Structure formats: structure tokens, C-alpha cells
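Have the sequence and the 3D view open side by side. We will go from the inside of the model to its surface.

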Amino acid sequence: MPLRSPEAFLESLRDGRRVIYRGQGVPDVTVHPHLGRGAAHVAVDFRLAHERPADPLFVDRDAPDRPASRYFTIPRTTADLVRRRDLIEAVTREARSFVPIVKEIGTDALFALMIVTAGMARTLGTPYHERVRACYDRCRDGDLAMAVAQTDAKGDRSRRPAEQANPDAYVRRVRETPDGIVVRGAKAHTTNAVFANEIIVLPTRAMTEADADYAVAFAVPADAPGLTMVASPRGFSATSEFDHPLSSRYSLTESLTIFDDVFVPWDRVFLCGEWRYAGALAKTFVEFHRFTAVSYKTPLVELLLGSAALIADYHGLLGAAHVRDKLARLIMYLHTGRGLTTAAASECRMHEGIAVPDPLMTNAAKYQFARGYHDAVRDVQDLAGGLIVTGPAEEDWAAPDVRALIEPYLEGRAAIGAEDRLRVMNLIRDLVASDLGGYLEVLAIHAEGSLETQKLTVLMDYDLDPLKRAAARAAGAAGSG
């Protein structure tokens, strides 16, 4: 099967999947007034590969048997990880800073599953590794869109999965049959699952023996019986392209992904009760996925920086000291994050022949982005001024008599017309002072794991003992050796 065209991808979503939006069933996500925008947006992954089949950034022509999407290239070296970073950046820039995430996150999961199940095959003799490879081949050869469902509903966060009053607060195996398993529960915040062909389910945390029924990983088609996706409307509610040039045209869609006694055939089951491996699988996945995350953050920060510099220029203040100070901070914020992704690739670790981004550098990059995002938003808001929330609406600008009245007062420096200045203000409002802006601020903190998870991962991965011994030697203290 050749790489799919955008049209073929969209057609594949018309499969009778059960999607609910604002209380109503959605028969076809591709033509829905809101979800249709999202479907068209994520099709960029298919469009770029289809339009540029000879471009090695988008298409791997060395793949077995036939060309394949570059996302499916298993990273074996630093160069492979850097090229993956460059691919994610390029597609996200093309999509005006909104990552499609219908191939990125799915391949993150497949790489993690390959690593963990290879170890399980040697230690336990399980058949999962061959099943994962078959799933990988099916997704690669079919050029499929994938979503990953990892974060459980969780219920009472002070209790483990098996201790919950609601046994379905975490996705669990409810029974086995000769042909497969039946699962129940829900996964939250599943990005773009409504536009995926395959839903890959992973555990969200380490488990104990009592949690064995919750130690499950599997893949199901998006139209599997019993699977329901309740799509969130948050972040992309705008309809006016003039007032909201980003959120009226592009869309990411999170969903509560509910498994109501969904049957999973054995050949699609990758973990089933082996509780000791749940934590390793969750951690290995996020090591790839946080690398993906910090890769797709770069185009967003570039857009913030570019719009800040442009509006400062339109104001005639590009040379002002306080403006240069803020722009310098934004530049350093941008390149610190990108530099850490380069370092994460350069210091990758090999597991089962697969290059895994360095966890310390990856988590430092994600933490640096999340911790600094609100400061970056503050600087952009400060440079833009109050007009981003007090400016006229599209209807004012479209009314000739009203426009004639207000236009002279909205002009910038010489030769900068009022419309151009207003359009940049609208772009900035969409980024930092709108429904989308609020969505992005929360996303910065919680997507791919909260600030606390990055700190915990760094502390778990970093060996402090050599530094303690060096400090003891320098002090002449006990324990200096």
C-alpha cells in the first residue's frame, strides 16, 4: 500500500466510530463544523509526505519493501533522533505551531513497546514482542494514524488502581477468553483519538501485584465496539478568521476515551497482568514522548517570538531597551529548549538496538519549557499592549462607516497600516489571551506530564553519589574516600 493521500486518510475516518461532541453523536468527524477542522488540520502529516515523496525528511525510501512515512523510522543513532526532531518541527511549522500528533505519539508508543517487550521475551518467554512488531508493520505499511491513550481517570489520587472505590477508574482487564481479553475503564486527555485509525493503550504508572488486572497494553481500531470518544470543545471555539487567525482554522481535540467491555484479540494484546513491567513501559514511552513534545514546542515559541518582534516593529519600538530585553529573553528561551533536545539526541542511550533520547536532557527541556511558558506569555502581552483585548471586532472592521471612523486611530508607525497592525494584534490575542491561549497555558504545564513528573524523573535518573563524594573530598569531610 502506498503512502496515503490526505483524501484517503479522511475517508478512513468514515468508519462508524462512536464520537460524542457537546452531547450529540457525530456520524462523520470529517464534515462536522468543529471536528472537521481538526480532521483537515491533522491531514497535514499525509499531505506533506504525499506532495514531497522524494523528500527524505518526510519519506523513508529505505524502508523494507516500500517507502514509508519517516515517523516509522526506528531510531538507531543520534542522527536518526535529530532527523525525527527536525521532522516534527517541520510539520508543526507547516501547521502553524499545532502538531498533528497522529503519527508522532503512536510511533513513540511502538518504540517503547518494542524495547520493553523484547526484554520480556527473554525473561518470561512472552509472545508480546512479535505482536508489537506485527502492529508496527500494520501501521507502517497501512500508513495509519495512531493515538495513544495512557492517562487514566485515576479517581482518588491517594489510592492505587486496585484500591479505588470505582474499579474502572483505571483501564483494566475484566476477563479473558480463548480469543482475547475484555477491557473496561477510561483514558483521559487522549489527543486526536477521534482522528486516529488505531488507539494504542498503555499503562499510566507502575503497578503492584494487587494491580495486575490494570497492567494492560493493547491496540484497538477506532471503531471497535464498546469504544466511545467524548470529544472536548476546549481551546478552539472561535469561528472568525479575522479575530482568531489560528483557532478558527486549526484544531487539536482531546477526548475522554471510554472502554465499555471492549474485546481485544490476543494478537493485539501487548501486556496482560505482568505488573512488574507496567512502570517500565510507562517510563520508556514518556522518554520518547517528551522528546517529541519538546520538539513540537519549538515552532510555538518561534511564533511567539516572531509575533512579539513584529508588533514591536509596528509600534516603532524595536530599538527600545526594554523591548530588546524582552526579545533577548524570548530568544534564549527558544534556543535553550531546542539546544536541550539536541543534547538529548546526542547523549542518547541504546536499548534493544533502539536509540532512546537521554532522559535527563529530555526532562530538563520539558521542565524548562513548562516552567518558562507563562513568563514568555507575559513578555509577549507586555510588548503587544492592551489592544489585544480591547481592539475592534471583525464586524466593526467590515462595516465601512465604522472602519472609516476607527482606522486612523489604529495605525502604527509610518507605512504600517491599521489593518496589518490589527491582524498581528489578533494573532497575539489568539496565542496569549483567548480560549486557545488558556488552553496552551494549561497544556504547557500538564501535557506529557506535569512539572512534578519531570522533577521526579530527573531525581530518579540522576546519580548524586559521585558528586557527593567529590564534595566530601573538597571539604575534607568523612566519606571522601
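This is a predicted model: local features need pLDDT of at least 70, side-chain atom pairs count only at pLDDT 80 or more; totals for chains, interfaces and linings use all residues.

Begin at helix α2, residues 35–42. Seven of its eight residues are buried, so the rest of the structure largely encloses this helix. The buried ones are Leu-35, Gly-36, Arg-37, Gly-38, Ala-39, His-41 and Val-42. What do they pack against? Their partners are α1 (6–12), β1 (18–21), α3 (44–51) and β10.

Now find strand β8, which spans residues 198–201 and contains Glu-198. Is Glu-198 buried or exposed? Its relative accessibility is 4%. Buried means under 20%, so Glu-198 counts as buried. Leaving aside residues up to four places away in sequence, Glu-198 touches several parts of the chain. Among its contacts are Arg-138, Cys-139 and Leu-144. Ala-219, Val-220 and Pro-221 also touch Glu-198, as does Arg-268.

Glu-241 sits in the loop between β10 (227–231) and β11 (255–265). With 48% relative accessibility, Glu-241 counts as partly exposed.

Leu-467 belongs to helix α16, residues 465–475. Its relative accessibility is 47%, so Leu-467 counts as partly exposed.

Key
Residues are numbered from 1 along each chain as its sequence is written. Side-chain values use heavy atoms; hydrogens and water are left out. Helices (H or I, at least four residues) and strands (E, at least two) are DSSP runs, numbered from the N terminus. Buried means under 20% relative accessible area, exposed over 50%, partly exposed in between (1.4 Å probe, protein chains only). Contact means heavy atoms within 4.5 Å.
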